[in-house]
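Me: I would like to learn how to read the features of a protein model, step by step, with a general idea before each case. Could we work through one together?

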Amino acid sequence: MAGMKRRSALMSAAGLGASAVSWSATARTASAAAPDRGKARRPLRVHIVAFDGAEELDVFGPLEVFGAAASMGHPVEPLLVTSGRPGRFTASFGTDVAVPGAWDPSAADVIVVPGGGFRDKASPGVWSEIKKGVLTRELRRAERPSLTLLGVCTGVIVLHAAGLIGDRPCTTHHRAQDYLKDQGADVRTTRVVDDGNLVCAGGVSSGMDGSLWLLERELGSQVASSVEALMEYERRGTVLRTAAG
């Protein structure tokens with residue numbers, strides 16, 4: 001419990017201002033409460049999107065967290081997917097990976113959107129995905145109250161381009177924060193921002209922190225702590241929870 005208090009900051013709606021509760025001209029929804037899975041017995045189904053130029057750790061950090069939870073017998077089902085059919089992708093440092101899953105957001109409780117390629121608009125990565133428009137279109141179509149989107153690093157920019165952030169509180173890699181602010185986003189400097197069905201994690205390794213936080217939120221602190229211990233990884237920074245988180 002002490003660790004949770006150290007890592008988490010609970011903020012009221014009044015403290016966050018209108019951005020936490022009001023509609024935005026560019027966002028499709030206002031802040032939404034964290035999906036209530038109630039007593040559902042099905043596993044937490046996590047789809048991690050892979051695309052050319054995605055940062056390795058943005059993809060495999062969350063996959064390691066949710067995969068470790070599944071390997072320990074916790075009710076989690078992680079799956080690497082593309083925005084279309086199963087195929088392959090080449091990550092930012094040249095790692096070539098087969099992707100077994102096809103795009104099927106109706107079969108997911110969480111979709112993880114990684115970043116990568118922010119500094120070079122001509123290279124594969126987030127700018128290329130935004131320009132192609134397929135992933136942003138599919139993310140818009142996938143949106144529903146019971147689906148949580150986890151934006152990792154500059155993957156938050158993809159979510160913003162899809163119209164899914166608007167002026168909701170968020171965070172991203174420190175080198176991309178000014179860009180998002182210029183786009184009208186309510187950028188916070190905490191490591192993880194939980195605004196209900198939108199969770200954002202800062203740069204690169206913070207994707208593991210965001211994933212561990214979702215394990216804690218959905219399955220309990222003991223599950224998250226057991227995965228931390230197995231990975232020999234200790235979470236950093238704070239989690240900013242809005243009234244919707």
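Predicted model: local features only at pLDDT ≥ 70, side-chain atom pairs only at ≥ 80, totals over all residues.

Me: How many helices and strands does the protein chain have?

Reply: Helices (H or I, at least four residues) and strands (E, at least two) are DSSP runs numbered from the N terminus, and the protein chain has nine helices and twelve strands. Among contacts (heavy atoms within 4.5 Å) between residues at least 6 apart in sequence, 67% join residues at least 24 apart.

Me: What percentage of the residues of the protein chain count as buried, and which residues touch the most other members of the largest nonpolar core?

Reply: In soluble globular proteins, nonpolar side chains tend to be buried together. Here 54% of the 245 residues count as buried, where buried means under 20% relative accessible area, exposed over 50% and partly exposed in between, with a 1.4 Å probe and protein chains only. A nonpolar core is a set of buried Ala, Val, Leu, Ile, Met, Phe, Trp, Tyr and Cys residues joined through side-chain atoms within 4.5 Å; the largest one holds 63 residues, of which Phe 89, Ile 111, Leu 139 and Leu 215 touch the most other members. Leaving aside neighbours within four places in sequence, Ile 111 has contacts that include Trp 103, Leu 139 and Leu 149.

Me: How much space lies in the largest pocket, and which residues are closest to its centre?

Reply: Rolling a probe the size of a water molecule over the atoms shows where empty space is left. A pocket, on a 1 Å grid over the protein atoms alone, is an open set of points where a 1.4 Å probe fits, with protein on both sides within 12 Å along at least five of seven lines, and lining residues have an atom within 4 Å of a point. The largest pocket holds about 320 Å³ of space, and of its 18 lining residues, Glu 55, Gly 116, Gly 117, Phe 118 and Arg 119 are the closest to its centre. The second largest pocket holds about 190 Å³ and is lined by 13 residues, with Ala 50, Phe 51, Thr 82, Ser 83 and Lys 132 nearest its centre.

Me: Is Val 192 buried or exposed, and which residues does it touch?

Reply: Val 192, in strand β10 (residues 192-194), counts as buried because its relative accessibility is 1%. Not counting residues up to four places away in sequence, Val 192 touches several residues, among them Cys 200, Trp 213 and Leu 240.

Me: Which value of phi does Val 204 have, and where does Val 204 lie?

Reply: Most residues other than glycine have a negative phi, and most peptide bonds are trans. Val 204 has a positive phi of about 50 degrees although it is not a glycine, and it lies in the loop between β11 (198-201) and α8 (206-219), where Val 204 is partly exposed at a relative accessible area of 25%. Glu 232, in the loop between α9 (221-231) and β12 (239-241), also has a positive phi, near 55 degrees, and Glu 232 counts as exposed because its relative accessible area is 77%.

Key. Residues numbered from 1 in each chain as written. Heavy atoms only, no water. Points joined across faces, edges and corners; volume = space filled by probe spheres on them.
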